Amino acid sequence: MKKLKKILYAEDEPDVQTVVGLTVDSMSDYDLKICRNGKELIENVEEYSPDLILLDVMMPEMDGPATFKNLQLSDTTKDIPVIFITAKAQLHEVEIFKETGALGVITKPFDPINLCNEIQQIWDNKGD
Amino acid sequence: MFTPQKIKLTDIIDLKFLQDFQDSFANATNVACLMVDDNGPITKPSNFTEFCIKLTRGCKAGYKNCNECDIKWGKIAAKNKKPVIYNCHTGLTDFAVPIVVNGKHIASILGGQILTHSPDKEKFRQISIKLGINEKAYLEALDKIKIVQPEQVKGMADLLFIVANSISELATKNLELKQKNLIIAQTVEKGDILRKIIEISRCSFDSHEVKQKIVEELGRAFNADRCYFRDFNKVQNKFGAPKEQYLGSSEIKSLLNVEPNQEAMFYFKTELERLKKGFSPISINLDAVKNRALREYMIDNNIRADYAIPIIDVNDECIWLVLHYSKDSTIPDESYIKLLEIIAFNIEKTLSQLKLLETLKQQAEREQLLRKITENIRSSLDIDETLNYVCDELAKVFKVQRATIIQFPNQNDYSDFIIRREYKSSKNIKGIVNNDNFNKDVGKIWAEYIEYHNQCYVVDNIQESGLSDIFVKNYTRLGQKSLIIAPIQQNFLNWGVIILSQYDYYRHWQEEEINFLQIISNQLYIAISQAELYNKAQEQMEREKTILNNLPFMVWLKDKDCKFLSVNEAFANACGSNTDVLIGKTDYDIWSEELASNYIKDDIEIMKMGKPKSIEEIINGQNGPRWYESYKAPLFNLNGEVIGITGCAQDITEKREINKLKNEFVSTVSHELRTPLTSLRGSLGLIMSGKMGELPEKVNALLDIANNNCTRLINLINDILDIEKIEAGKMDFDIKPYQLMPLVNQAIELNQHFAQKFSVQIKLVKEIKKEFVNVDPNRLIQVITNLLSNAIKFSIPQSSVDIEITKQKGKVKFSITNYGTEIPQNFKNKIFHKFAQADSSDSRQKGGTGLGLSISKSIIEKMDGTIDFISENTKTTFYFVIPECSIK
């Protein structure tokens, strides 16, 4: 199994960007790059070539699901695993994200101490 | 038919025989011969001399003298019972013999016109001068008269006497025979009369017609000048005018419908009472009448003799059969009077039979009338209409001048009555409507009588009734004579009375009439009760209709065939129609075919299942497509059979719109709240992890507070979202069979940390084995966690929270008990309400949201379970019961 290293993250909220950035920095050795929205992520994804993509759901310009659709349209990006991080935490919403092919869903507000463990667990369970 | 007053010889012996006999005697003796009776000659004179027939009898005076002479000497002969020889007034010699029948001298035979010696011509000449006869002719005729020897004369007289005796004998025998024949004839005739009377009695059921035929027959048969029936009215104590009459000729004065002189008539009544006999005629002859009134009456009506035969029937009613004769000569003899008695007896029988028939007929008619009135009473539910009809109809049927229906609205004061209807046959009749002179206390007397009797109260004569003064006075003032009061009552509840008032005469109320009125009044009571009930029902219906029409949602009622029985205005408006038009229509008349067939399919299914159903559906009505929440339920009759379907539907289009907006709002708000919370929690978490460097103790304490409240805020948002989802029916459940115990253990495990914080021990006191339940595992854990955290929070430190799981009747019961404070009494009934907390300060102390139990209840109910609690003596047990799953 490939070791998780490079993560690309789209999040419009600067505070959340900071918290997630600090958390990943202090709790793991992942390389995390943060984009301000889905559009920016699409622009950067090929150049950065991440192992995993984290997508916020509600974002300006291009939201999470739209970004995910875009990623799947391109051969170079369609195989990159995606985890949604969302405040829409209802069961059926989680199911919908999973059905579209997302690797996992992490609900907001998350516990920063467990965030990296959670990401790692989902990565480890992807079963390839 | 009547015995002649005087026997006439020619009635007994044929005149021709007499004439022949006389002629032969005259021829044999060569003398003149003639038969006479009191009235003069019977036969034609035989062998009369010129002297007599032409001259003496030829003049008026002579004839008169001859005739008188004949009669006189005949009588003398009869008296002497032997022949007499005498000189007639002219001086000729004659002889006379009598013809006697049964001792009665009925005629004489005369012979003679002879001389026994030479006449004294001078004497005859003077007679001729006296009578004014030609002297010469007279004397010449005298010369022609034979002279016969006196011995010869005597011989001829004796011979004629013998012959006369033979004629007398023959006449007597003939008379006997004739009388015998007459009696036979009379008997036959009497039988004939009787037979005819009997025949007439049977010819008709109409007593008037029968009576008319009887008077005609009797009048004719009895040779009366007038024959009629006369009633005597016992109640009025009055003789009535004849209604049937026979008159002997057109010259006789008619008494038909003429009121008789009562004083004159009473003679018969007193006579009857004096004689004390029935069927025997009371006969009077004008000559014997002393009573002035009667005499005047008889003279006035040209009555010589009056035969009045009383016919008294079983009811003691009297009717008189009357025969009048204006001439003595036509009055019938005794034997005929006897016949009258027999006839009267027969008439009595006939009349009582007719009366019986009439009574039967009347009863039948009354029965019919009763049916008619009853039908009318029953067919109307309008009280006033019914009362008016009954009042007026009764007045007409009973032929009373006034009928009144009184109501007693106040059972404690009957003088406080209401006149519901007053019928008056004419304007002149004094009534009690608007009559200030009528004392209202009479109402008490009416009520008193009917209360006491419970049936009709009958007063034939108000003045002589012996009733209280106030009663008699009030009615006398109205000019009333008789009355009858019928109660309109049942079970001693006096609704009111019907009063029938007679003004024109004192009326004796008949038993049948009283019964009839009683039946009507009973019927009326029923009708009134029904009408009152109906009015109440009508009012109720009106009220219900108003309620239904004011409801903001559609309501409808259909019969078994899905035809509309009733709809409210909201429904009619939605269809763009009105309520009346829709009755009897089906959904196909209102909606599109597709919509209608769906509705009807639905209705049939609901009626078949017998269970109500609630659905949300779009109806494309007058205002375009709109959302409706419909509730439909089958209708049952008393036997529990489905007889139709009822439904109501509320337009929830706006509500849905608002709900959608609310959902979006809540969703947005929760997202907008979660995002800053994510930063907040993340930051706090990072600081507290120590990775950001060591902090002073006091800062750590403050960070704890911040972090706890952050967690609380997150929980609150989650609960609000849950509640919102539950209410919108959008909480997702993934219900599948699961073993219960692993889920319970998982929930205990999740709460161990929390329990430790409160120094409370979670104990699994009783558990089940591998039983399955049909649940959404996450939701069930949510409920158990909620109950556990509540139990922990409200336990006293060092106590335990006991969990018991038991099985009962295909169900599983989960109980959790904690020991601490009891739930306050006033909080018990709202414990499952939203934001329910016994003490508002609790939320801060215990960190709850007040939504947990409400959510738990909703979740358990969604899984077909129930949740409840028992709290007493510091011990509180919450429990839920869910069905055990049959599939293992």
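Visitor: How do the residues of the lining of the largest cavity divide into nonpolar, polar and charged?

Guide: Rolling a probe the size of a water molecule over the atoms shows where empty space is left. On a 1 Å grid over the protein atoms alone, a cavity is a set of points where a 1.4 Å probe fits but cannot get out, and lining residues have an atom within 4 Å of a point. Here the lining of the largest cavity comprises 10 nonpolar, 4 polar and 3 charged residues. Ala, Val, Leu, Ile, Met, Phe, Trp, Tyr, Cys and Pro count as nonpolar, Asp, Glu, Lys and Arg as charged, and the others, Gly among them, as polar.

This is a predicted model, in which local features need pLDDT of at least 70, side-chain atom pairs count only at pLDDT 80 or more, and totals for chains, interfaces and linings use all residues. Residues are numbered from 1 along each chain as its sequence is written, chains are lettered from A and ligands numbered from 1 in the order in which they are written, and side-chain values use heavy atoms, with hydrogens and water left out.

Visitor: What volume has the largest cavity?

Guide: A volume is the space filled by probe spheres set on the grid points, which are joined across faces, edges and corners. For the largest cavity this is about 140 Å³. Among the 17 residues that line the largest cavity, Phe48(B), Arg57(B), Asp70(B), Asp94(B) and Gln113(B) are closest to its centre.

Visitor: Which residues lie nearest the centre of the second largest cavity?

Guide: They are Trp556(B), Phe571(B), Asp587(B), Trp591(B) and Tyr599(B), from a lining of 14 residues. The second largest cavity holds about 100 Å³ of space, and its lining has 8 nonpolar, 1 polar and 5 charged residues.

Key: On a 1 Å grid over the protein atoms alone, a cavity is a set of points where a 1.4 Å probe fits but cannot get out, and a pocket is an open set with protein on both sides within 12 Å along at least five of seven lines; lining residues have an atom within 4 Å of a point.
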